[in-house]
Amino acid sequence: MSIHRPKIEKKVTVATIAKMKGVEPITMITASDALFATLFDGSVEMLLVGDSLNMSFNAAPDTLSADMEMMLYHTKAVCRGAKLALVVFDMPFGSYTDETKALENAVRVYRETEAQAVKIEGGSERAHIIRKLTENSVAVMGHIGLMPQFVRSEGGYKVKGKDAGNIEKLVEDAKAIEAAGAFALVVEGVKSDAAKAVTEAVSIPTIGIGAGPDTDGQVLVWSDMFGFFEAFKPKFVKQYLQGAALIREALATYVDEVKTGKFPDSEHSY
Ligand code: KIV
């Protein structure tokens with residue numbers, strides 16, 4: 001089996017992403033540090049510093065306690081590793097409750113990091129916030145469908161787009177976000193036919209996660225797709241590596257070699 005390995009040679013910009021709709025599937029994964037961002041850079045078009053790092057990196061039960069300081073810290077590190085990928089900053093819960101606050105925080109993102117865009121969860125009711133940012137030269141990625149920042153207010157992670165009325169609402173939300181000037185839209189946890197309807201309704205690229213095959217691109221959380229996060233595995237996650245098992249195995253070998261005096265040997269000593 002031959003693996004398609006597109007080589008990204010030029011810095012990816014929001015204009016690059018906009019032009020990819022209908023031309024080539026867009027790839028995005030999350031990143032939370034420079035080490036992994038360096039490894040991922042050059043292979044995917046976008047790196048998202050997602051607030052899900054609050055669960056994987058920080059062991060919190062959900063994303064809601066992530067804050068600006070935490071997200072800025074991780075984004076600075078990711079930007080140091082990402083020479084080619086477009087870096088998206090996930091605005092944490094409570095950082096965009098109104099237009100003024102959203103703009104103040106988005107300006108901080110542009111001033112304090114090299115991220116090229118911010119991501120905001122919410123449908124038509126948040127379109128005015130997206131508009132405020134885009135009018136002030138901030139690139140925005142929308143996020144509709146299952147929105148992790150709504151986990152407590154909705155009483156769990158709810159898959160969307162299950163009936164005609166809900167599909168219509170998702171399409172309306174997507175159109176409002178596009179009209180507000182967003183350059184791309186994450187569509188999370190929705191039935192495949194709903195994601196297809198959304199993708200066909202807008203001219204900005206849709207990036208799916210748990211949204212089936214008909215979006216313009218895909219995103220996965222790096223620690224899920226590489227098998228490092230073991231607390232739970234959503235149905236839509238495909239594990240491309242058994243990361244946790246590999247680490248445990250390698251660590252057991254190290255411990256065994258230290259305990260038995262095999263390490264360090266002459267090759268690894270001065
Ligand atoms: O925080 C995150 O990782 C995200 C993705 C699930 C899209 O928002």
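## Model and elements

Helices and strands here are DSSP runs, numbered from the N terminus. The model is predicted.

## Salt bridges

The structure holds 11 salt bridges. One of them pairs D216 with K21, with the closest N and O atoms 2.8 Å apart. This pair links distant parts of the chain, 195 residues apart. D216 sits in the loop between β7 (206-209) and β8 (217-220). K21 sits in the loop between α1 (14-20) and β1 (26-30). D216 has a relative accessible area of 12%, so it is buried.

E230 and R248 also meet through their side chains, at 2.6 Å from N to O. R248 is partly exposed, at 49% relative accessible area.

R108 bridges to E112, with 2.8 Å between the closest N and O atoms. Both residues lie in helix α5 (residues 99-112), four residues apart, or about one turn of the helix. R108 is partly exposed at 25% relative accessibility. E112 is partly exposed too, at 32%. E69 joins R108 and E112 in a network of salt bridges.

## A buried asparagine

N54 belongs to helix α3 (residues 53-56). Its relative accessibility is 0%, so N54 counts as buried. The side chains of N54 and N58 make a polar contact of 2.9 Å.

## Positive surface patch

K158, K162, K191 and K235 form a patch of positive charge on the surface. K235 lies in the loop between α9 (222-225) and α10 (243-259). At 85% relative accessibility, K235 is exposed.

Methods. Residues are numbered from 1 along each chain as its sequence is written. This is a predicted model: local features need pLDDT of at least 70, side-chain atom pairs count only at pLDDT 80 or more; totals for chains, interfaces and linings use all residues. Side-chain values use heavy atoms; hydrogens and water are left out. Patches are made of residues with over 30% relative accessible area and no salt bridge: like charges are joined within 9 Å, nonpolar side chains (Val, Leu, Ile, Met, Phe, Trp, Tyr) within 5 Å. Accessible areas come from the Shrake-Rupley method with a 1.4 Å probe; for residues, only the protein chains shown count as cover. A salt bridge is a side-chain nitrogen of Lys or Arg within 4 Å of a carboxyl oxygen of Asp or Glu. Lys and Arg count as positive and Asp and Glu as negative; His and the chain ends are not counted. The place of a charge is taken as NZ of Lys, CZ of Arg, CG of Asp or CD of Glu. Helices (H or I, at least four residues) and strands (E, at least two) are DSSP runs, numbered from the N terminus. Buried means under 20% relative accessible area, exposed over 50%, partly exposed in between (1.4 Å probe, protein chains only). A polar contact is a pair of N or O atoms within 3.5 Å; within protein, one must be able to donate a hydrogen and the other to accept it, and residues adjacent in sequence count only if both atoms are side-chain atoms.
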